[in-house]
Amino acid sequence: MAVAPNTPLLSRLVSASIAIANHAGGVIREVMKRGELGIVEKENARDLQTEADRAAQRCIISSLSKCFPKITIIGEEGEEESKSTSGIFDPASVPVVNINCPTDLSTLCEEEIVVWVDPLDGTSEYTQGLLDHVTVLIGIASGGKALGGVIHQPYYNYQNPGADLGRTVWGVVGGDVGGMAVQPPPEGKLIVTTTRSHSSVTVNDAINAVGPDEVLRVGGAGHKVMLLLEGKAHIYVFASPGCKKWDTCAPQAVLEAAGGLLTDIQGSPIPYHSAAPHRNSTGVLATAAGLHHDTYIGKIPQNVKDNLKA
């Protein structure tokens, strides 16, 4: 379906990213179905890469590059996978999603855009069969700020036999959230979500300081933010340098489009310009819509903040 004339770049880019993320989800499911995951270790035994990561990144980056040749794309799986032209998917082959673009973002050009791609967030969980933790993340930034994001859940509904698999949620900061009805978290209690596999004394000190009634330890930054959007958790706390820009850019944009907020553990913005260090060395704290973010930043002990320096 053709895009209307004069449609802003950001609207076209988010719409294309929705279609491409959906397709990448199919690639991920196909690799799992074949059963040949091709697992390799990256930085350590907890930092894995599979053929699904590689194939999904090839699909996403080659497809976005063909449609938007002047944008900068940074993918988790490295330069070689970013250079591949295999697996191109044409988003024009599916219906366009009409994306409302805020007026102040309507004149962006391709050269101003940086896209952060995590082709398979929650790889460790993927290899363990914890498929509801898995997401595909495409985050769109300009001026160092997360502006648009797509979170695709390739295995949404997988525990319901016969149900259609997959869901894609998207958001534009200052605009809309689509793909789901955002739910408020329950009143009268505080539920925190945090890392499943990268815990530490510092991480636990930060969690304990905010006084949770319940802690959900799950995989994937995308999955954690989805818990905030689904009303299943109030706060995402991760006082560790363990995640990267491609983990947080898309979730941050969707969460902030829904009225929430995501910063580092000190309350400072996370920068997403192309020269920014990939690692979020000062941690992550995200709050659902309706919560006072600064209140929870203020509860984080100073020694925890001091342990996380840029």
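Trainee: What makes Trp 116 and Trp 246 buried or exposed?
Mentor: Both Trp 116 and Trp 246 are buried. Buried means a relative accessible area under 20%, exposed means over 50%, and partly exposed lies in between, with a 1.4 Å probe and protein chains only. Please note that this is a predicted model, in which local features need pLDDT of at least 70 and side-chain atom pairs count only at pLDDT 80 or more, while totals for chains, interfaces and linings use all residues. Residues are numbered from 1 along each chain as its sequence is written, and side-chain values use heavy atoms, with hydrogens and water left out.

Trainee: Why is the aromatic pair of Trp 116 and Trp 246 called tilted?
Mentor: Rings of Phe, Tyr and Trp (its six-membered ring) pair if their centres lie within 6.5 Å; planes under 30 degrees apart count as stacked, over 60 as edge-to-face and the rest as tilted. A search of the whole structure finds 3 aromatic pairs. In the pair of Trp 116 and Trp 246, the centres are 6.4 Å apart and the planes stand at 40 degrees, hence the word tilted. This pair links distant parts of the chain, with Trp 116 in strand β4 and Trp 246 in helix α7, 130 residues apart. Helices (H or I, at least four residues) and strands (E, at least two) are DSSP runs, numbered from the N terminus. Trp 116 and Trp 246 also form one aromatic cluster with Tyr 272.

Trainee: What kind of pair do the rings of Tyr 155 and Tyr 158 form?
Mentor: The ring centres of Tyr 155 and Tyr 158 are 6.3 Å apart and their planes are at 80 degrees, so this pair is edge-to-face. Tyr 155, at 7% relative accessibility, counts as buried. Tyr 158 has a relative accessible area of 27% and is therefore partly exposed.

Trainee: What is to be noted about phi of Asn 157?
Mentor: Phi of Asn 157 is near 85 degrees, a positive value in a residue other than glycine. Most residues other than glycine have a negative phi. Asn 157 is found in the loop between β6 (145-153) and β7 (167-172), and at 27% relative accessibility it counts as partly exposed.

Trainee: How do you know that the "binding site" positions gather at one spot?
Mentor: The unreviewed UniProt entry places the feature "binding site" at Glu 76, Asp 118, Leu 120, Asp 121 and Asp 247. These positions span 172 residues in sequence, yet no two of their C-alpha atoms are more than 9.6 Å apart, so they gather at one spot. UniProt positions are given in the numbering used here, feature names are shortened, and annotations may be inferred rather than shown by experiment.

Trainee: Why does Asp 118 count as buried, and which residues does it touch?
Mentor: Asp 118 has 1% relative accessibility and therefore counts as buried. Asp 118 lies in strand β4 (residues 114-121). Not counting residues up to four places away in sequence, Asp 118 touches Glu 76, Thr 135, Val 136, Leu 137, Trp 246 and Asp 247, where contact means heavy atoms within 4.5 Å. The side chain of Asp 118 also reaches the backbone nitrogen of Leu 120 at 3.2 Å. A polar contact is a pair of N or O atoms within 3.5 Å; within protein, one must be able to donate a hydrogen and the other to accept it, and residues adjacent in sequence count only if both atoms are side-chain atoms.

Trainee: Why does Asp 247 count as buried?
Mentor: Asp 247 has 10% relative accessibility, so the word buried applies. Asp 247 lies in helix α7 (residues 245-257). Leaving aside neighbours within four places in sequence, its contacts are Asp 118, Asp 121, Leu 137, Ala 221 and Gly 222. A polar atom of its side chain lies 2.7 Å from the backbone nitrogen of Lys 244.

Trainee: What makes helix α6 mostly covered?
Mentor: In helix α6 (residues 221-229), 9 of its 9 residues are buried, including Ala 221 and Gly 222. After α6 comes Gly 231, with a positive phi near 75 degrees.
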